[in-house]
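Hi,

Here's the model I said I'd pass on.

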Amino acid sequence: MINITFPDGNVRQFEKGTSGIDIAKSLSNSLAREVFSINVNDELWDLGRPIEEDATIKLNKWDDPDGKHAFWHSSAHLMAEAIEALYPGTKFGIGPAIENGFYYDVDPGDDVVITEGDLPRIEKKMKDLVSQKLIYTRSEVSKEEAMNYFGNKGDHYKTELIGELEDGTISFYKQGNFTDLCRGPHLANTSPIKAIKLLSLAGAYWRGDETRKQLTRIYGVTFPKQKMLEEHLEMLEQAKLRDHRKLGKELELFTFSQRVGPGLPLWLPKGAQLRERLENFLKKVQRDTGYEPVITPHIGQKELWVTSGHYAKYGKDSFQPNKTPQEGEEFLLKPMNCPAHCEIYKFKPRSYRDLPIRLAEFGTVYRYEQSGELHGLTRVRGFTQDDAHIFCRPDQLKEEFLKVIDIILYIFKTLDFNDFVTQVSLRDPEDKEKYIGTDENWEKAEQAILEAVEAKGMDTVVEYGEAAFYGPKLDFIVRDALGRKWQLGTIQVDYNLPERFELEYIGSDNQKHRPVMIHRAPFGSMERFVAVLIEHTAGKFPLWLTPDQAIILPISEKYHDYAEKVSNYLKNYDIRTLIDERSEKIGKKIRDSELKRIPYLLIIGEKEQESNTVSVRRQGEGDKGVMSMEDFADFLQSEVQNQLKAIEKDV
Ligand SMILES: [Zn+2]
Ligand SMILES: [Zn+2]
């Protein structure tokens with residue numbers, strides 16, 4: 001017998017060689033149906049794998065990421081089996097579980113093309129296989145056996161992967177007629193896979209390398225219940241309606257032009273106004289909390305980036321230097337604002353009494369992204385960071401860090417991002433050479449972040465090995481209205497750049513000391529933030545922020561003059577209005593205004609003109625009654641003020 005310890009500390013005896021599924025069944029049959037993988041001594045295992053020694057275990061259900069992972073990864077294998085059956089001779093790349101489902105990169109051969117139209121056929125084959133209740137079996141194989149198996153099969157993608165593995169660490173998984181190179185873990189069998197949907201196809205270069213073959217990536221998602229699939233498809237439908245690329249066009253916020261260049265957004269007047277309002281909002285917060293604005297150029301001498309270390313690290317994968325025609329000087333588009341801010345710090349000698357110095361800039365930066373990776377406003381080649389750099393004494397680090405956290409929390413609250421988690425990214429303790437800077441400095445910085453996060457009592461995950469090469473960081477990941485995760489604000493400690501730029505201050509001891517630097521961007525970038533805001537709100541921005549607050553809808557041409565009069569009156573109150581002067585029916589005007597997400601609709605006709613009033617409708621709420629122009633102005637302004645007041649109370 002062996003001792004199995006459960007997460008609550010309970011210990012029970014089982015026969016040697018018991019498995020996760022046996023343990024689950026011994027607790028209850030319904031539990032056994034809900035469990036998809038098991039952690040054995042903190043290692044993720046198959047439910048069917050025999051446990052030979054005393055162990056601490058955790059059974060993973062659907063709600064546990066490790067449970068979903070096994071479920072979707074098993075589904076990827078199942079899809080591969082279906083594809084192999086329908087397209088004999090297909091070669092397979094990789095097929096991982098992802099955040100919402102799974103994919104497999106496949107090469108069906110040079111003469112075969114798999115299209116969207118083929119997905120239902122593959123789906124059907126998968127369902128047939130599920131009904132056979134195929135068992136996922138693990139076997140450990142030598143490197144030679146593994147090479148032979150895939151060599152004989154002619155799958156050079158797999159043999160390439162096996163070539164990089166160490167002998168003694170290789171395992172195969174087999175279900176039905178399909179065998180895959182895989183670390184696992186997997187479901188015990190295919191029967192829990194009750195609902196299947198293959199979603200889309202994309203081209204994907206083998207190993208992400210453009211010089212290699214493009215494989216067909218097939219995305220899918222599966223669930224243990226049909227209802228869960230239906231809910232998921234509904235969420236995807238909603239996400240499509242909220243897609244910021246679609247709404248950005250419909251609401252005339254931004255566009256792209258092939259002639260200007262891929263990945264370079266053009267902000268249209270309404271988008272620019274919205275962005276400016278966001279910037280002004282943050283500028284005010286920054287003024288109130290001791291930041292000073294600076295402005296720096298869009299290019300910098302190559303030497304600057306050599307000094308900062310960026311050139312050595314990213315030079316090859318960046319936009320290449322521009323040369324001046326006469327002098328042969330080399331300039332780079334700036335990928336970040338920090339080095340220029342370091343030079344501003346150095347402009348004059350600094351004393352310990354001057355610190356902290358907080359330099360803020362809405363700085364536009366340019367980073368090369370492969371054209372295939374570009375996506376709306378979330379993956380671009382030019383974007384504006386709401387950037388600032390704080391230069392402080394080591395003893396001020398934690399306090400400054402806490403203040404930045406406050407600003408970020410304030411912004412999230414204002415814009416209704418109430419669901420978020422934070423991630424602390426620390427060094428990989430096994431591979432310290434990757435990082436620039438001394439051990440001692442890294443430890444100090446990591447400590448400061450962990451203490452600040454603890455002091456704020458935030459929901460935090462600590463990730464080892466996720467830090468940037470120059471310092472540890474804290475990221476804020478928000479969940480939007482559809483439950484999707486987006487990385488937004490970031491705060492990063494940096495002991496490295498002050499060293500490279502030889503930044504100094506004179507301490508109270510009259511000696512030279514090195515300041516610590518904090519990089520921070522609460523929005524992340526204006527582009528990304530606006531994209532997320534559009535998808536979160538479905539384009540229904542808060543009244544204080546929205547481009548057009550009210551639209552005047554005259555019921556016929558006769559009332560255009562009165563419409564002008566109302567518009568001018570409201571302008572005096574800084575209310576942003578539009579007039580719909582088209583000769584459309586009022587019903588159509590109302591529907592169109594609602595599609596444009598304009599919060600207030602003011603309908604005017606004979607009655608309103610005679611009594612100097614407007615008939616007010618609120619987007620999504622309907623009729624608000626007839627009001628005098630003055631009452632409406634007060635009504636709208638007080639709504640804006642209440643929103644902003646609710647905000648200011650929290651500063
Ligand atoms: Zn696998
Ligand atoms: Zn920076």
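This is a predicted model: local features need pLDDT of at least 70, side-chain atom pairs count only at pLDDT 80 or more; totals for chains, interfaces and linings use all residues.

Residues are numbered from 1 along each chain as its sequence is written, chains are lettered from A and ligands numbered from 1 in the order in which they are written, and side-chain values use heavy atoms, with hydrogens and water left out.

**Zinc ion (ligand 1).** H73 (NE2), H77 (NE2) and C182 (SG) coordinate this ion at 2.0 to 2.2 Å. Donors here are N, O and S atoms within 2.8 Å of the metal (3.2 Å for Na, K and Ca), and water is not among the atoms, so sites may look incomplete. Along the chain the donor spacing reads H-x3-H-x104-C. That links distant parts of the chain: H73 sits in helix α3 (residues 65-86), and C182, 109 residues apart from it, is in the loop between β11 (178-181) and β12 (195-205). Helices (H or I, at least four residues) and strands (E, at least two) are DSSP runs, numbered from the N terminus. Both H73 and C182 are buried, meaning under 20% relative accessible area; exposed is over 50% and partly exposed is in between (1.4 Å probe, protein chains only).

**Zinc ion (ligand 2).** Its protein donors are C338 (SG), H389 (NE2) and H519 (ND1), at 2.0 to 2.4 Å, with the spacing C-x50-H-x129-H. H389 belongs to strand β21 (residues 382-392) and H519 to strand β28 (residues 516-521), so this pair ties together parts 130 residues apart in sequence. H389 and H519 are both buried, and C338 is buried too, at 4% relative accessible area.

**Cysteines.** There are 0 disulfides, a disulfide being a pair of cysteine sulfur atoms within 2.5 Å. Take C342: its closest cysteine sulfur is the one in C338, and at 7.0 Å that is too far for a bond. C342 is buried, with a relative accessible area of 0%.

**Two other residues.** E502 is in the loop between α15 (496-500) and β26 (505-506) and is exposed at 54% relative accessible area. Leaving aside neighbours within four places in sequence, E502 is in contact (heavy atoms within 4.5 Å) with K346 and R514. S567, in helix α17 (residues 560-571), counts as buried at 4% relative accessibility.

Cheers
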